[in-house]
Amino acid sequence: MQRSKWDTIEEEILETYIRNLSGEIVLGIDGFIDQVWQVVETRTPDNNCILIEKMQEFGNLIVSRREGGMANELIKKRRSYGGFTANTGNALGNMDLSTTLIGMYGKEEVDKIFHDLKEKCNLISVGDPVVSTILEFTDGKIMMPNLDELLNFTWNDFLSILGHDQLQKILLNADIVSLGYWSNMPDFDTFITKLDENYFHTDRPKRLFFDFANIKKRSVEAINGTFRVLERVNDKIPVSLSLNEHEAVILFSYYDRKFSDDCEEVARDTEYIRNIIGLDELIIHTPQYAVLSSKTEGVELLEQDYCVAPVITTGAGDTFNGGYIAACLGNLSAVERLAIANAATRFYISNSHTPDRQELISEIKRIKEVLS
């Protein structure tokens, strides 16, 4: 396998593709409200606060107080929507793509936090949102959601609220369908099986895309069972699975592989695991690079323009996924799809908002200039 370089990518091809983007995308079924906080280390005599910047600093503090207690002030950073459907939908909506979000945005009425999404996407609510408390640091975040609403949500609940006819109408013209997150959905396999049996056809959707999120929450037996379900679906509709580096560490360990510091070795192991789980694509994205193993295209590895001081990290993976889904609507090559996804997330973490089409084009050109 030859490592792909940005200097092999033709900007004109991607610019033309992005300017002419079109397609129908359906995302489901979560819905999160993120309450994001920063942790105070101390306050100065003039009442200014010094924040705990790094996750390890916070972890060391917890360990040092392990036989006692600790009390650290929190400063509210923002209240925003979160989760797979909202974050990924926001990325797709900002690209002006036709996107339907089926999720938990409010039972009686849609929570006002999601109102700006209604300007970009078609929102269909099937329940109340999960509230997630997030401690955000410069190098990552700690997310602590209360998942009661989502964990107890079943296929029967979903169908009784949405209805067969409405669901069929939504999926009839879908190019790409995606459900997230597997780790929070005990009834995930039932959802996929029922959709496959009753709503998926040989030509629609054209691709299924999944982000499993924190796979360590569920057992090896559970994920292997899901892979068997998805492998059967993959015989009819190609399936893509996307993981960040932390999720990849866990998945690799299930197949006796160590997630290496060497990206070339990661690429080889990604191909090895994709062959075992039987999916069309396995994608791994990290702050330094992204790798894709494809059944038909082999392995591609594309470096990322590493961001030393990100403005925001929450939602970065979802933005990568949004970029990748958009890149799957046409006939781009594997490395071109990775380029769009890398550029989308790099722009997001530097600017704290997802890119529109022109911003995405400009970011691709910027990265190519930096890394070529």
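Helices (H or I, at least four residues) and strands (E, at least two) are DSSP runs, numbered from the N terminus. The model is predicted: local features need pLDDT of at least 70, side-chain atom pairs count only at pLDDT 80 or more, and totals for chains, interfaces and linings use all residues. Residues are numbered from 1 along each chain as its sequence is written, and side-chain values use heavy atoms, with hydrogens and water left out.

**View 1. Leu 21 in its loop.** Leu 21 sits in the loop between helix 1 (11-19) and strand 1. Its relative accessible area is 8%, so Leu 21 counts as buried; buried means under 20%, exposed over 50%, and partly exposed in between (1.4 Å probe, protein chains only). Leu 21 touches Met 95, Leu 97, Ala 326, Leu 329 and Arg 357, not counting residues up to four places away in sequence. Contact here means heavy atoms within 4.5 Å. Leu 329 is 308 residues from Leu 21 along the chain, yet their C-alpha atoms are separated by 7.6 Å.

View 2. Two strands pair if DSSP finds at least two bridges between them. Strand 9 and strand 10 (residues 207-211) run parallel and are joined by 4 bridges. Ser 178 has Phe 209 in strand 10 as its bridge partner.

**View 3. Strand 13 between its two partners.** Of the 6 residues of strand 13 (residues 289-294), 6 are buried, so the strand is largely enclosed by the rest of the structure. In a regular strand the side chains alternate between the two faces of the sheet. Tyr 289, Val 291 and Ser 293 point one way from strand 13. Ala 290, Leu 292 and Ser 294 point the other way, and all are buried. Strand 12 (residues 281-285) pairs with strand 13 in the antiparallel sense, over 5 bridges. His 285 has Ala 290 of strand 13 as its bridge partner. A hairpin of 3 residues joins strand 12 to strand 13. Strand 14 (residues 298-303) also runs antiparallel to strand 13, with 6 bridges between the two. Ser 294 is bridged to Gly 298 in strand 14. Strand 13 and strand 14 form a hairpin with 3 residues between them.

**View 4. Ser 293 up close.** Ser 293 is found in strand 13. Its relative accessible area is 0%, so Ser 293 is buried. Among the residues that Ser 293 touches are Thr 270, Glu 271, Arg 274, Asp 280 and Gly 298, not counting residues up to four places away in sequence.

**View 5. The largest pocket.** On a 1 Å grid over the protein atoms alone, a pocket is an open set of points with protein on both sides within 12 Å along at least five of seven lines, while a cavity is a set where a 1.4 Å probe fits but cannot get out; lining residues have an atom within 4 Å of a point. Grid points are joined across faces, edges and corners, and a volume is the space filled by probe spheres set on the points. The largest pocket holds about 1,400 Å³ of space. Its lining has 47 residues, and Lys 141, Met 143, Asn 244, His 246 and Thr 313 lie nearest its centre. Elements that give two or more residues to this lining include strand 2 (32-43), strand 8 (140-146), helix 9 (245-254) and helix 12 (334-351). By class, the lining of the largest pocket has 16 nonpolar, 20 polar and 11 charged residues. Ala, Val, Leu, Ile, Met, Phe, Trp, Tyr, Cys and Pro count as nonpolar, Asp, Glu, Lys and Arg as charged, and the others, Gly among them, as polar.

**View 6. The largest cavity.** The structure holds 1 cavity of 30 Å³ or more. The volume of the largest cavity is about 80 Å³. Of its 13 lining residues, Ile 102, Phe 158, Leu 167, Leu 179 and Leu 195 are the closest to its centre. Strand 1 gives the largest share of the lining, 4 residues. The lining of the largest cavity has 12 nonpolar, 1 polar and no charged residues.
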